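Please look through this structure with me.

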Amino acid sequence: MNAPTTMSADDGTSGGSGGGGWFTPRSQPQTPPGGEQETPEGSRLAAMRPVRRPTSGGGAEQSRIHPRSGVAAPSGRPITEPEPAHAAASPKRQPPPRRPEPEPSPDAVLIRRTMAEVGPIADKVTSYFYALLFVRHPDLRPLFPAAMDTQRDRLLKALLTAAEHMDNTEVLVAYLQNLGRGHRKYGTRPEHYPAVGECLIGALSKYAPAIWDERTEAAWVRAYTTISQVMIDAAAADELRAPAWWYAEVVSHDLRTPDIAVITVRPDQPYPFLAGQYTSVETPWWPRVWRHYSFASAPRSDGLLSFHVKAVPAGWVSNALVHRARPGDVIRLGPPAGTMTVDHTTHSGLLCLGGGTGIAPIKALVEDVAEHGERRPVEVFYGARTDHDLYDIDTMLRLQQSHSWLSVRPVVDEQAHQQLPDVIRGYGPWNEYDAYLSGPPGMIRSGVGVLRDIGIPVERIRHDSVEELVAAGP
């Protein structure tokens with residue numbers, strides 16, 4: 001469900017007729033001029049089907065909590081995807097006492113039990129799910145990329161995330177809202193959602209027969225009904241204020257190393273984003289294959305956007321952007337996402353760790369602080385394996401020369417004989433700093449550990465979701 005797992009098929013278990021199913025929206029989506037009406041809803045479990053409520057005015061809606069799953073439907077406010085919270089913290093090095101973990105809801109227990117059961121055979125479960133989907137609804141196959149390997153990983157990741165946060169309303173709803181908005185670029189419509197639920201139930205029941213019963217099935221129906229409704233509502237609200245995607249023309253292509261390019265594009269219409277965020281990119285050479293890249297600058301007056309892209313082995317999108325893209329080519333951009341942004345209501349310093357092309361959003365954060373006219377201290381540690389990999393060091397040093405509050409320290413692994421996160425132990429103290437990490441998932445994981453070891457509370461550590469980076473692929 002982190003990519004277009006939003007189709008509509010019947011796996012033979014719904015008992016419905018006329019093309020309906022368990023998860024059909026109660027109210028019909030508004031039909032665009034010349035569009036077709038949604039298939040009539042089925043009869044079974046109608047009370048649990050998603051409800052597409054009309055959005056009025058600015059898209060504000062009443063928030064509700066599902067009585068069994070504990071998942072909230074959206075309020076209509078734009079909420080970016082879930083990542084670590086970023087509340088202000090005291091300079092104390094000792095973390096506050098941990099609150100007792102609440103008892104999980106009955107539905108959460110059953111759903112996590114199912115995921116534990118199918119985990120060892122996840123590849124079979126996801127393959128069967130897509131087989132059901134494409135056999136029952138072959139017209140939906142064009143919504144998916146030609147190669148399905150990464151797609152299967154994304155479905156499992158989404159299910160695991162939902163299971164993990166089933167009782168954490170704030171995190172789960174934000175995660176689902178982001179998926180709902182992001183799915184618009186695939187052409188996903190509300191009428192596509194029922195099949196995912198039907199085929200998901202079919203796949204889980206087939207591969208978890210030892211623990212599958214009526215209570216487990218009912219828990220999954222309730223959970224998916226609410227999950228799909230959150231995503232439908234988020235997409236409907238987003239449709240009122242933003243396109244599903246932006247076309248962007250490549251205006252410059254600067255090959256900094258044999259495998260790293262700085263690419264600048266001009267969107268076909270205004271593209272609002274914040275420094276530190278990222279977007280998804282699709283190239284004309286690999287339709288329906290999207291990969292995430294961070295913006296390499298703060299918003300510019302000329303509207304241009306820049307990305308730092310490293311070509312990686314078997315990376316379809318990255319290799320196309322580095323080795324094939326040229327000025328004049330047109331790519332597509334999804335909506336902006338991410339919460340690794342600067343809180344301008346505080347005066348905390350910024351401790352920034354950027355590894356490899358992860359320096360791109362760090363550079364954007366520095367520009368953002370400069371544009372706000374602030375003089376808060378910003379400490380940047382720019383990590384690379386070799387001197388050759390410090391492809392943007394000249395830019396960062398020029399920024400340092402222009403701003404007295406900025407310090408840039410290159411960290412080369414082969415010279416320092418230690419990796420980037422460990423180097424910061426020799427500096428500080430960092431009690432009054434918010435930490436920002438960007439780079440390979442392994443660096444982020446180790447960096448979070450080091451930062452917590454030296455006393456920075458987890459709520460002051462900001463980074464793009466490691467799970468999303470992994471699921472996004474190369």
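**Terms and the values behind them**

A: Arg288 is partly exposed, because its relative accessible area is 31% and the term covers the range between buried, under 20%, and exposed, over 50% (1.4 Å probe, protein chains only). This is a predicted model, in which local features need pLDDT of at least 70 and side-chain atom pairs count only at pLDDT 80 or more, while totals for chains, interfaces and linings use all residues. Residues are numbered from 1 along each chain as its sequence is written, and side-chain values use heavy atoms, with hydrogens and water left out.

Q: Why is Ala314 called exposed?
A: Ala314 has 67% relative accessibility, and therefore it counts as exposed. This residue belongs to the loop between strand 5 (305-310) and helix 7 (316-323), and it has a positive phi of about 65° although it is not a glycine.

Q: Why is Glu379 called buried, and what is it in contact with?
A: The relative accessible area of Glu379 is 14%, so the residue is buried. Glu379 lies in strand 8 (residues 378-384). Leaving aside its neighbours within four places in sequence, Glu379 is in contact (heavy atoms within 4.5 Å) with Leu350, Leu351, Cys352, Ser407, Arg409, Trp430 and Tyr433.

Q: How does the reach of helix 8 compare with what is expected?
A: Helix 8 (residues 359-371) reaches 18 Å from its first C-alpha to its last, close to the 18 Å expected, where the expected span is 1.5 Å times one less than the number of residues. Just after helix 8, Gly373 takes a positive phi of about 70°.

Q: Why are helix 2 and helix 5 called oblique to each other?
A: The axes of helix 2 (residues 122-136) and helix 5 (residues 194-207) come within 9 Å and cross at roughly 135°; such axes are lines fitted to C-alpha atoms, for helices over the stretch in contact, with angles from 0 to 180 degrees between N-to-C directions. Angles under 35 degrees count as roughly parallel, over 145 as roughly antiparallel, 65 to 115 as roughly perpendicular and the rest as oblique, and therefore helix 2 and helix 5 are oblique to each other.

Q: How do you know that helix 4 and helix 6 are oblique to each other, too?
A: The axes of helix 4 (residues 169-182) and helix 6 (residues 214-239) come within 7 Å and cross at roughly 55°, and helix 4 and helix 6 are therefore oblique to each other. Their contact is made by residues including Val173, Leu176 and Arg181 of helix 4 and Ile227, Met231 and Asp238 of helix 6.

Q: Which peptide bond is cis?
A: The cis peptide bond joins Gly428 and Pro429, with omega about 5°, and Pro429 is found in the loop between helix 11 (420-423) and strand 10 (433-438).

Terms used:
Helices (H or I, at least four residues) and strands (E, at least two) are DSSP runs, numbered from the N terminus.
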